[in-house]
Every structure is written in C-alpha cells, then in structure tokens.
Amino acid sequence: MEIEKVNKISRRKLLGGAATAAVMLVQTASGKAVQAGFTHAELDDPTKVPGVLPGTLGSRSPFEKPVKAPSSTSSRTPLQDLYGTITPSDLHFERHHGGVPAIDPAQYKLTIHGMVQKPMVFTLADLKRFPSVTRVGFLECSGNYRGADDGKIRPQEICGLTSQSEWTGVSLSTLFREVGVSSKASWFLAEGGDSAVMTRSIPIKKGWDDAIIAYAQNGEAVRPEQGYPARLFLPGWEGNTNIKWIRRIEVSDQPFMTREETSKYTEPVADGKIRQFSFTMDARSIITYPSYPAQVEKGYIEIRGIAWSGRGKIVTVEISTNAGKSWNTAVLQEPVMDKSITAFRFLWKWDGSPTEIMSRAVDETGYVQPFLKQLLAARGGNMGYHFNPVTAWAIERDGRVLFRAT
Amino acid sequence: MAGIVVSAFTIKVKNDRQTFLTQSDTLQPPERYGFGRVATEREIAMLDIDVRPDGKGLPPGQGNSVRGREIYIAKCSACHGATGVEGPNDRLVVGDTTLVKSRRVKTIGNYWPYATTVFDYVRRAMPFNAPGSLTDEEVYSLTAYLLHANGLIDAKKELNAKSLPQVVMPAKKYFVPDDRQDGPVIR
C-alpha cells in the first residue's frame, strides 16, 4: 500500500516540478529528508527517491527527442542524432505514395501466381511457419540527395532517406519453390496493398538470390510505416523496389513497365538517354559528427559517420581533413556486413584554422564514392535518382560546421 | 558446456566436431512444406489488375478523348489543372514548356515510354482521393484524353485492348537499361 503510493507519486515527479516533489517526500517513509530542510537541487537527486517500477513498455528518456523530418511524401531519419548502425524502428525513414494503410494481420494474404506450377495464397501465419532468415541491411530511397547553398543543412536533410534494420522473414526462394516458379520466368511483379497499389518489376534472379518477405524488424513485427504486416526486402536495392504491405507477386517473362519504373525512379544520363532499372544502390558515406548544426572546439575531435554499399561490404572509408588534398583511412567498426551500414571513426586534432572535412567510401568491388562534379560529368550534367556524392563539411574559424557541395 | 548441449548426440559422434555439426537435429528441407493453399482463379482475377506493354491484362471496353475530357474535368482537374499542365499535382500534359524554369518537364508526352502504363496507373492509383473507383470504360476514356492532350492520338481515336498497346510513345527510344557495374567506373 505504502510502496504503491510512493511509486505513483514518484512517476508524477518525473513529469512534474518541484511542487509534486515536495508532496512526494512528505508522503514517503523517509520523512527525515524533509525535516532536514533540503534544497530544491538536492530534491532532484535521483538517489534520494525510489525510481519507477518495471512497466509493460519502455520509453525514451524525456531528455532525448530525436524526430524524423516529415514532408507530404516522406519523412527523414535524424542521422546526426543516432549512434551505431541500427536505426530505431520509430525513426526509420518513410517514403510512400499513398499513405500508410491499416491492414488487419488476420485478413492479410500474399498471393503468388503467373508462371508457376501452383498459384498459391499465404496467410501471415503461413509465412511464419516457413523456415525464417534474419539479416541486417540498409534501405535507401534512390532519390536521396539534397544540398544547400548557405550550408545550413543537416545529414537528415542531405541523405536521411537511409536507415538500417535487422529484418526477419521467409526467403522468397522458399516461396518460389513452394509455388514451383517456372524455369522460363525472368521477372516478377511485386504489388503492395496500399492505396497507391505500388508495383515494381524485379528480375527473378534477385528473388532467388537474397530477397526476403519480411514480417519482423529489429525483433518485433514490422512497423506500419515499413509495410506491416509483411514487405519485400531486397538487400542493397533502391528503396522503392522493396514493396511494402506486399499482397501479390506475379511471375512473368518480361517487366511490366509500371509508372514507378518509367515515369519515376529512372534518371536522365548522358546523350539524352534515360536510365531504367537502376536497382543497386552505389556506395556512399557521410560524416554525421561533426555536422551541421554542431559547433566544435579546438583540440581532439572524433570524426564519426556511416558508410554503406548496395554492392557488398564496405572495405575502406577515407577521410580528408584538408578539403581533399590528402586522405587517411578511418577505423571501421565491426561488424562490417554485406549491403549494410558500417560505422567509421577517425581521431583528429583541429588546430582552429578553417578547413573542410569529408569522407569517401570504397566497397569490395572497388567502387569509390565520387564527388558531385564526377557524378555530374558522368551523367551529362543531369541530377536525379542515385546521387551519392562525397559530402564535405566546412569547419569555420568560430567552430561552426556547414555543408559544402563537392 | 559442450557436454550438456550435445548430450543427445554425443553417443555416436565422439569427438569429431565436424561430424557433430553435420548431425544436427535439423531435417533436410523438403521439396515443398505444404503451407498455404491453392489460389482460386476467381481470387486471382480480382487482384490481377496489372497491364503489360504488350496489352496483356487490358480489360474489355473502350473509350475516346471526348468522353475522357468530361471525366477529367470532373474527377482530375482539381489536382492536375484545367488542361493537365497547371497542377498543383504532377503535370500530365507537356504543353508549353517555355515558361517552365530550371527543371526539365517530365510527363506522359515526352517521358513515358509506354501508353499502357497510363491505363495501369490511373486504374490502380487515381484519383488520388478515391483510388480504384473508376470503371474500365472511364479509364480507357481518360487514357485517350491524356494521350490526345499530349498530341499522341487523334481526338476521336477509340482506345481498347487492341489499339492502346499500339500507340507509339516518343520517349521510348531514349530508355536504356542500367549500365552501371560493380567496380571503379562511375556512371
């Protein structure tokens, strides 16, 4: 009874101010504390009050307020506020074309038909009965580059349509065997159950290689924004192909040329050509500390950031602290995983003079992250999807950190 | 610890770690698990709304731009503009591009490689506030209107499962498959 009361009040104390704190102390067994006439600062000492009892759901400290940055079509991950490589599920970026649908898992069905021996319907429970696979992998929207002339732009805005999770589900190859996909099939259509009824054509080889129908993300059911109750996960491939809320797969011998692979997610390149089916995400990195809007001081600075490649593992991240004149190798934080975000760090001593710092990712195929100028030159001066340039940060004399295009 | 974990198997396996690893209690995967059920033709038909460039998936029915224009004004113009160029949402008609600054205009008339995509997309996703509400005849008519407004077909041309795949789209010749590869070349 007494403990119950204390606990309730101390909960309130966490949210409330000094007034509740005082009341709380009067009612606790340790009336001694009050009689001794402690100051307000001492009342805030967490060692002087019992803490909150175990609960049913954990929550973030009220002092921590990382938030996504939403627009009408997407919401960006606060890369500059995160640590390590796994994106908390509620901070995973969002991009959808018709809003987040509400799907009852008991009604959910995945239908696979077309060039198969046996067209089949799987419930969510069916999907979970198959052998499961788990892997870590990044997801990135292919329209994920922004800059700002005044330099006042955070990693969240520059490339916050990148996130990473541990995904669990059934290998699509397992389902392909179950329905008996024809050996003549070369593509499949993946279709979502959202109001955009999102569709993409995927080469059948990717389905056999490493595609997953994922029903879990970071140890729990996939979040609604990420495709609850099940989504397609294609390691290393552009975000849009990872169809969320997947309801249907049609196996075919040609692509379907949906709006999302013709009007959108194609990029003008050199000679007036338009590049299509650019699935793989090229290697990229960004320094997340120090980055705008941080302000730094002279002395030791651990430069930190993340690097990833849709072609495989990151092998090197190079750092320049003199605007690209010379490069050093960053330390990669284990584990370095295939088609996953890898964290890097580089200890630097800033002498207080203005300079530019930047990172450059190299993946296991030998691809080296290009400068913006190189990308523009390779694509006939066109911007568009699949822009992964080196991001530079200018360190001003007063310690301000500002974005610079490369 | 190993003794505890492997006690069930150790009798046969002795100290040979390799043998132990291959003699787990996991069965070889079967050809089929037998989970899920066969999809009926009816339920596939209800879901299978996609249309391929060769016309596979196009339903019976037809429409022309005259009828399409009426539907467009009633159901689409609020978001795409009176003539398909004004917005506020995506521009659907190339129209006069001389007034457009900076960004290249990418729309049905100068960017879309297949006419069938117009039918497929409008039927599945538009109007944005009531997706999937149009009849097949309405979609044929709207497709005809959008293709005509982009100067690609005559005002009176009837579009149906046969004629729609034959509409020639000027942008098709520009499309090339991804030529990026693993390795150092930037493309």
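These questions and answers walk through a predicted model, from chain A as a whole to single residues and a pocket.

Visitor: How many helices and strands does chain A have?
Guide: Chain A is 406 residues long, and buried residues make up 56% of them. Among its contacts with a separation of 6 or more, 69% link residues 24 or more positions apart. The count for chain A is nine helices and 24 strands.

Visitor: Which strand does E18 of chain A join through six bridges?
Guide: Strand E18 of chain A covers residues 314-320. A:Val317 stands opposite A:Ala361. The two strands run antiparallel, and the partner, residues 355-363 of chain A, is E22.

Visitor: What is the bridge partner of A:Glu318 in E19 of chain A?
Guide: E18(A) also pairs with strand E19, residues 328-329 of chain A. Two bridges join them, in the antiparallel sense. In E19(A), the residue bridged to A:Glu318 is A:Thr329.

Visitor: Is A:Thr321 buried or exposed?
Guide: A:Thr321 sits in the loop between E18 and E19 of chain A. Beyond its neighbours within four places in sequence, A:Thr321 contacts A:Ile303, A:Phe346, A:Trp348, A:Thr355, A:Glu356 and A:Ile357. Its relative accessibility is 17%. The cut-off for burial is under 20%, so A:Thr321 counts as buried.

Visitor: What distance separates the C-alpha atoms of A:Asn322 and A:Asp209?
Guide: Along the chain, A:Asn322 and A:Asp209 are 113 residues apart.

Visitor: How many residues of helix H7 of chain A are buried?
Guide: H7(A) spans residues 172-179 and is largely enclosed by the rest of the structure. Its buried residues are A:Leu172, A:Ser173, A:Thr174, A:Leu175, A:Phe176, A:Glu178 and A:Val179. Just after H7(A), A:Gly180 takes a positive phi of about 70°. Of the eight residues in H7(A), the buried count is seven.

Visitor: Which residue of E15(A) stands opposite A:Pro268?
Guide: E14(A) and E15(A), residues 274-276, pair over two bridges. Their sense is antiparallel. Opposite A:Pro268 stands A:Ile274.

Visitor: Which strands of chain A each supply at least two residues of the lining of the second largest pocket?
Guide: The pocket holds about 450 Å³ of space. Domain 2 (75-265) and domain 3 (284-404) of chain A each give at least three residues to the lining. The strands that each supply at least two are E7 (162-171), E16 (284-289), E17 (299-308) and E21 (342-350).

Visitor: Which residues lie nearest the centre of the second largest pocket?
Guide: The lining has 25 residues. They divide into 12 nonpolar, 10 polar and three charged. Nearest the centre lie A:Leu82, A:Tyr83, A:Gly84, A:Thr288 and A:Arg304.

Technical notes: Residues numbered from 1 in each chain as written. Chains lettered and ligands numbered in written order. Predicted model: local features only at pLDDT ≥ 70, side-chain atom pairs only at ≥ 80, totals over all residues. Heavy atoms only, no water. Pairing = 2+ DSSP bridges. Helix = DSSP H or I, 4+ residues; strand = E, 2+ residues; numbered from the N terminus. 1 Å grid on protein atoms, 1.4 Å probe; cavity = no way out; pocket = protein on both sides within 12 Å on 5 of 7 lines; lining within 4 Å. Points joined across faces, edges and corners; volume = space filled by probe spheres on them. Nonpolar A, V, L, I, M, F, W, Y, C, P; charged D, E, K, R; others polar. Domains from an automatic or database assignment. Buried < 20%, exposed > 50% of the residue type's maximum accessible area, 1.4 Å probe, protein only. Contact = heavy atoms within 4.5 Å.
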